[in-house]
Amino acid sequence: MDPKVSIVIPTYNRAQLLSRAIRSVLDQTYQNFELIVVDDGSKDDIEKIIDTFNDDRIKYFRHSVNLGGSTARNTGIKNSCGEYIAFLDSDDEWLDKKLELQVHAMQSRPSDIWGGVYCGFIYTDRDRVVESVKQGNLKKDILDLNLDVGASSTLLFSKSALDDIGLFDESFKRHQDWELLVRFFRKYKILVVSDPLVKIDGHSIVKGVTLAEVKEQYLSKFEADIDEFGRDIAQEIRAKHWLEVSWKFAREKDCLKSLRYFKKSLQHKVLPPQTYFDMLYQASLKRLHRSAKKLS
């Protein structure tokens with residue numbers, strides 16, 4: 001009998017952290033799953049870590065070279081058997097009721113309307129708990145930077161929905177989960193389990209240059225989706241994204257690029273003062289927690 005849930009863990013050079021992620025899956029109260037680990041060309045011995053668990057529900061696939069997180073997740077999806085697909089980054093971990101509560105939520109609604117579910121989470125590197133509450137069609141929220149799903153580790157989709165909308169866009173270096181979600185919201189609604197059920201242990205810090213490239217790609221790909229909300233909201237969405245790039249360069253102390261993208265943001269729309277204060281506040285919190293972590 002096929003498992004109900006297929007869990008995909010992409011990993012690259014994270015052998016030391018992978019054991020924790022796998023253990024958090026094996027310790028779930030819901031046990032009808034398969035676990036697909038996709039080694040994205042790691043140089044450390046991922047297979048050896050998997051062998052220590054001696055669990056035949058774990059399937060291992062390896063890319064001979066590093067192809068990126070989106071490609072690794074797609075490899076997992078293509079080799080999955082479950083009715084539902086969940087994702088876990090190898091530096092994150094699940095709390096023990098994550099699958100049980102999300103599968104129950106999915107089974108309570110029609111899958112042709114409600115194609116997925118996400119949950120609350122904990123940013124362990126910032127000591128911040130996010131109890132998610134929004135559900136439904138959240139396309140405007142995701143485009144407007146008004147929806148924090150944490151990471152793909154909080155997401156579970158019906159396999160039929162992913163077959164319908166297509167897999168991760170492998171050309172995206174960042175924002176892969178956002179890109180998928182925008183396409184998802186063209187056809188489906190998402191459920192929420194508000195409990196914080198995922199520990200997100202800090203992901204790699206993107207460089208300003210990379211973020212600017214990804215924002216250009218993201219805003220260009222979803223130009224029509226953004227414009228459907230009307231000119232005023234569309235300009236606000238673009239202004240917020242370019243402001244985020246400006247703050248990134250400011251944190252890198254690249255004043256010229258920061259000013260350039262701040263002007264680009266203003267060209268779209270002057271945002272309410274609270275928006276600037278909120279972004280500065282969040283940036284300051286991240287910096288303080290990183291400094292505290294180094295000192296501890």
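Helix α10 holds K240, where helices (H or I, at least four residues) and strands (E, at least two) are DSSP runs numbered from the N terminus. The model is a predicted one, in which local features need pLDDT of at least 70 and side-chain atom pairs count only at pLDDT 80 or more, while totals for chains, interfaces and linings use all residues. Residues are numbered from 1 along each chain as its sequence is written, and side-chain values use heavy atoms, with hydrogens and water left out.

K240 counts as buried because its relative accessibility is 14%; buried means under 20% relative accessible area, exposed over 50%, and partly exposed in between, with a 1.4 Å probe and protein chains only. Once its neighbours within four places in sequence are set aside, K240 is in contact (heavy atoms within 4.5 Å) with D144, L145, L271, T275 and M279. With D144, K240 also forms a salt bridge in which the closest N and O atoms are 3.3 Å apart, the term standing for a side-chain nitrogen of Lys or Arg within 4 Å of a carboxyl oxygen of Asp or Glu. This pair links distant parts of the chain, since D144 belongs to the loop between α5 (139-143) and β8 (156-158) and K240 to helix α10, 96 residues apart. Both D144 and K240 are buried, and salt bridges that share partners join D144, D232, E236, K240 and K269 into one network.

The helices around α10 can be followed next. Two packed helices are described by the angle between their axes and the distance between the axes. The axes here are lines fitted to C-alpha atoms, for helices over the stretch in contact, and the angles run from 0 to 180 degrees between N-to-C directions. Helix α8 (residues 208-221) and helix α10 (residues 231-251) pack at an angle of about 175°, with their axes 9 Å apart. The two are therefore roughly antiparallel to each other, given that angles under 35 degrees count as roughly parallel, over 145 as roughly antiparallel, 65 to 115 as roughly perpendicular and the rest as oblique. Among the residues that meet across this pair are L211, Y218 and L219 in α8 and W242, V245 and F249 in α10.

On α10 there is also a packing with α11, at an angle of about 170° and with the axes 8 Å apart. That makes α10 roughly antiparallel to α11. The residues meeting there include W242, L243, V245 and F249 in α10, and Y261, F262 and H268 in α11.

Helix α7 (residues 176-185) is mostly covered, with 10 of its 10 residues buried, including W178, L180, L181, F184 and F185. The axes of α7 and α8 come within 11 Å and cross at roughly 5°. That makes α7 roughly parallel to α8. In this pair, W178, E179, V182 and R183 in α7 meet K215, Y218 and K221 in α8.

H175 is placed in the loop between α6 (159-165) and α7. Its phi is near 60°, a positive value in a residue other than glycine. Most residues other than glycine have a negative phi, and most peptide bonds are trans. N54, in the loop between α2 (46-51) and β3 (58-63), has a positive phi of about 50° although it is not a glycine. H175 counts as buried because its relative accessibility is 11%, whereas N54 counts as exposed because its value is 74%.

A loop elsewhere in the chain, between β4 (84-87) and β5 (93-94), contains L88, which counts as buried because its relative accessibility is 0%. Apart from its neighbours within four places in sequence, L88 is in contact with V8, I9, P10, A21, S24, V25, E93, W94 and S153. A salt bridge joins the side chains of D89 and R73 (2.9 Å, N to O). This pair links distant parts of the chain, with D89 in the loop between β4 and β5 and R73 in helix α3 (residues 69-78), 16 residues apart. Both D89 and R73 are buried. Over the whole structure, the search finds 27 salt bridges.
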